[in-house]
Amino acid sequence: MNQFLSRRTFILIPTMSFLKIIFKPMQVLASSLASKEEWNFSKDEWKARLSPETYYILREEGTERAFSSQLNNEKRKGIFHCAGCDLPLFSSDKKYDSGTGWPSFWDSIQGSVETKVDFKLIVPRTEYHCSRCGGHQGHVFNDGPLPTGKRYCNNGLALTFVPD
Ligand SMILES: [Zn+2]
C-alpha cells in the first residue's frame, strides 16, 4: 500500500505543477496581445477608441446577445473588418446563415485571425482574435459547412462591414 501511494504521489505532483505552468498564463491574459507594436494600446487607450459595448467584446472577450447585430442579416457583397484596427477579416462570399443569431463564416481571410483555447464555459473552446490588434472576435467550431467544416461564430460588434 505504501509503495502504491508513493508511486501515485510521484506521478501526481509533477503532473500538477506541469498543468499549473500551462494554465496560469491563460488565466492572467484577459485578451490577446497585439502582434504589432503600434496596436499595443493600454486599457485606457482602448476605452477611448471604442464604445463601451465594443470594448467589452474586443478587449474583455465578451459575447453580444444572439440576433442583436444587424450584421447577422447582412447579405450584400463586401468585406468585414476588425472593429478595433480595421484589418479585413472575412469576405461576404464565405458568410452563411448558421441560425445561431451571430454572423457566421466558414473561412477567414488568410492570416487575419489567430486562435487560442479558452475555458470560460469550463469546456474548452477555440477562441479567435484579430491577428493585428489582438481584439477578440468570437469562437470557431467544427460544425460548419464544407469545404472547411468550420463555423466562425463572430460578434457583430467586433466587425465593421464595407460593401463592395
Ligand atoms: Zn484588429
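How many bridges join S3 to strand S4? In this predicted model, local features need pLDDT of at least 70, side-chain atom pairs count only at pLDDT 80 or more, and totals for chains, interfaces and linings use all residues. Residues are numbered from 1 along each chain as its sequence is written, and side-chain values use heavy atoms, with hydrogens and water left out.

S3 and strand S4 (residues 104-105) are joined by 2 bridges and run antiparallel. Strands are DSSP runs (E, at least two residues) numbered from the N terminus, and two of them pair if DSSP finds at least two bridges between them. The open sheet to which these strands belong is formed by 6 strands in the order S3-S4-S8-S7-S6-S5, with antiparallel pairing. Strand S3 (95-96) and strand S5 (113-121) each have a single partner strand and stand at the edges, so one side of each lacks a neighbour in the sheet.

Within strand S4 lies Ser104, which counts as buried because its relative accessibility is 0% (buried means under 20% relative accessible area, with a 1.4 Å probe and protein chains only). The side chain of Ser104 reaches the backbone oxygen of Trp102 at 2.9 Å. Not counting residues up to four places away in sequence, Ser104 touches Lys94, Lys95, Tyr96, Ser98, Arg151, Tyr152 and Cys153, where contact means heavy atoms within 4.5 Å. Lys95 also stands opposite Phe105 in S4.

The structure holds 9 aromatic pairs; rings of Phe, Tyr and Trp (its six-membered ring) pair if their centres lie within 6.5 Å, and planes under 30 degrees apart count as stacked, over 60 as edge-to-face and the rest as tilted. The pair of Phe80 and Phe105 is edge-to-face, because the ring centres are 5.1 Å apart and the planes stand at 70°. Since Phe80 lies in strand S1 (residues 78-82) and Phe105 in strand S4, this pair ties together parts that are 25 residues apart in sequence. Both Phe80 and Phe105 are buried. Together with Phe90, Tyr128, Tyr152 and Phe161, they form one aromatic cluster.

The zinc ion is coordinated at 2.3 to 2.4 Å by the SG atoms of Cys82, Cys85, Cys130 and Cys133. Donors are N, O and S atoms within 2.8 Å of the metal (3.2 Å for Na, K and Ca). Along the chain, the donors of the zinc ion follow the spacing C-x2-C-x44-C-x2-C. The arrangement is tetrahedral because the 4 donor atoms subtend angles of 100 to 117°; four donors count as tetrahedral if all angles lie between 85 and 135 degrees. Cys82 and Cys85 are both buried.

Definitions and conventions. Tetrahedral: all angles 85-135°; square planar, octahedral: opposite > 155°, others 65-115°. Buried < 20%, exposed > 50% of the residue type's maximum accessible area, 1.4 Å probe, protein only. Helix = DSSP H or I, 4+ residues; strand = E, 2+ residues; numbered from the N terminus. Polar contact = N/O pair within 3.5 Å; in protein donor to acceptor, adjacent residues only side chain to side chain.
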